[in-house]
Every structure is written in structure tokens, then in C-alpha cells.
Amino acid sequence: MRIPDPTAASVFGLPLWLVVAVGAVALFGAFQVYYWVGRRLGEALYRSRVGRRIGRERIERVENVVRRWGALAVYGCFWVPGLRHTLPWVAGALRVDYRWYLVASALGCLTWVPVASFGLYSLLWAWLSLAARSPALAAAAVAVAAVAVALFLRRRRRRGRSGDAPAASEAVRS
């Protein structure tokens, strides 16, 4: 099997490194917009459509993370899918020091975007290579992944619906 030249990788005819760099700059820009919108909205964040959809309890949990960890939470949110696009709003609403926010979001973009991009690129090409050798095996891999995601989401929804039930039953037992 021939190992491809990593510098020859491309997406839509553009070098992969350029696509990753543009993605990092775009995400960094989005994080700055999130911060300033959150700072502008402040307490109104809870009453906004996004705030109602997320839920006050969830926003308060994110607030606690930001209060405890500050700008480090901004860096960490890149690696946690549920926080990636909610924490910056909350950081703005809580008026986290913008200089630290700026550094943390820049470091997050510089580390998370390449890892995610090259990881997804590698996964896609591995699957395409598998599909070229065995379409049935590639289809089976997609089916297994779809079942795993469905089971994960089902379990998460159940846990979300019965979020208060375990605490109530534990209180009754004690």
C-alpha cells in the first residue's frame, strides 16, 4: 500500500492546511461575536430564544464552570461539544476579562481546529479507502456508527427526562 504525501491533501482543490487555517480564523471570529453578543445581552440572555431553548438550569451550570475556571473554561470548551457554542455567550454575559478570553479562544482555535480537521479528514479517507476495497464492509461500518449514535442519543434523552427522578428517589430512601 502506498502512503500518500500529506502535503498533497486537499479539499475542494485547496491545500488542507489552508482550509484548516481559514477554519481556525473563522471559528476565532465566531467566538469573538459570541462573547460580545453575550456581553451585550447580559441577563437578557436567559429570556432570549436561544436562552429559553438551552434552559436556565443549563446556562447556570455553564456559569458555574466559567466562574470556577475563568478563561481556562473557554479553552476547555473547545473539547466539549455541548459547551463549544454556549460557553462564549455566557463568558460575555459574566463579563470575563476580555484579554484572557481572547488568549484562551485563540489557543483553543489553534489547537482544536487542526486536531478536529485532520482527524475528520483521516477518518473520511480511511472510510473511502475501506469502501473502495469492500463496499459492504464500509456500509456495515456506517450502520454500526449510526446504531452507536442512536443508542447514545436515546440514553442521553432518557437521562435528561429522568434528571430529577434519581435525586428524588434517593431523598425518599434516606
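Helices are DSSP runs of H or I with at least four residues, numbered from the N terminus. In this predicted model, Arg95 is found in the loop between α6 and α7. Phi of Arg95 is near 55 degrees, which is a positive value in a residue other than glycine.

**A buried arginine**

Another arginine, Arg84, lies in the loop between α5 (71-77) and α6 (87-93). Arg84 is buried yet has no salt bridge. The nearest side chain of opposite charge belongs to Glu63, 20 Å away. A polar atom of the Arg84 side chain does, however, lie 2.9 Å from the backbone oxygen of Phe78. Beyond its neighbours within four places in sequence, Arg84 is in contact with Phe31, Cys77, Phe78, Trp79 and Trp112.

**Salt bridges**

The count of salt bridges comes to two.

| Pair | N to O distance | Relative accessibility of each partner |
|---|---|---|
| Glu63 and Arg67 | 3.5 Å | Glu63 10%, Arg67 55% |
| Arg99 and Asp97 | 3.1 Å | Arg99 63%, Asp97 30% |

Glu63 and Arg67 both lie in helix α4 (residues 56-69), where they are four residues apart, about one turn of the helix. Glu63 counts as buried because its relative accessibility is 10%, under the 20% limit for that class.

**Packing of α7 and α8**

Two packed helices are described by the angle between their axes and the distance between the axes. Helix α7 (residues 98-133) packs with helix α8 (residues 135-161) at an angle of about 140 degrees, and their axes are 5 Å apart. That angle makes α7 oblique to α8, because angles count as roughly antiparallel when over 145 degrees and as roughly perpendicular from 65 to 115. On the α7 side, the residues that meet α8 are Trp127, Leu130, Ala131 and Arg133. Their counterparts in α8 are Pro135, Leu137, Ala138, Ala141 and Val142.

Key. Residues are numbered from 1 along each chain as its sequence is written. This is a predicted model: local features need pLDDT of at least 70, side-chain atom pairs count only at pLDDT 80 or more; totals for chains, interfaces and linings use all residues. Side-chain values use heavy atoms; hydrogens and water are left out. Helices (H or I, at least four residues) and strands (E, at least two) are DSSP runs, numbered from the N terminus. Buried means under 20% relative accessible area, exposed over 50%, partly exposed in between (1.4 Å probe, protein chains only). Lys and Arg count as positive and Asp and Glu as negative; His and the chain ends are not counted. A salt bridge is a side-chain nitrogen of Lys or Arg within 4 Å of a carboxyl oxygen of Asp or Glu. A polar contact is a pair of N or O atoms within 3.5 Å; within protein, one must be able to donate a hydrogen and the other to accept it, and residues adjacent in sequence count only if both atoms are side-chain atoms. Contact means heavy atoms within 4.5 Å. Axes are lines fitted to C-alpha atoms, for helices over the stretch in contact, and angles run from 0 to 180 degrees between N-to-C directions. Angles under 35 degrees count as roughly parallel, over 145 as roughly antiparallel, 65 to 115 as roughly perpendicular and the rest as oblique.
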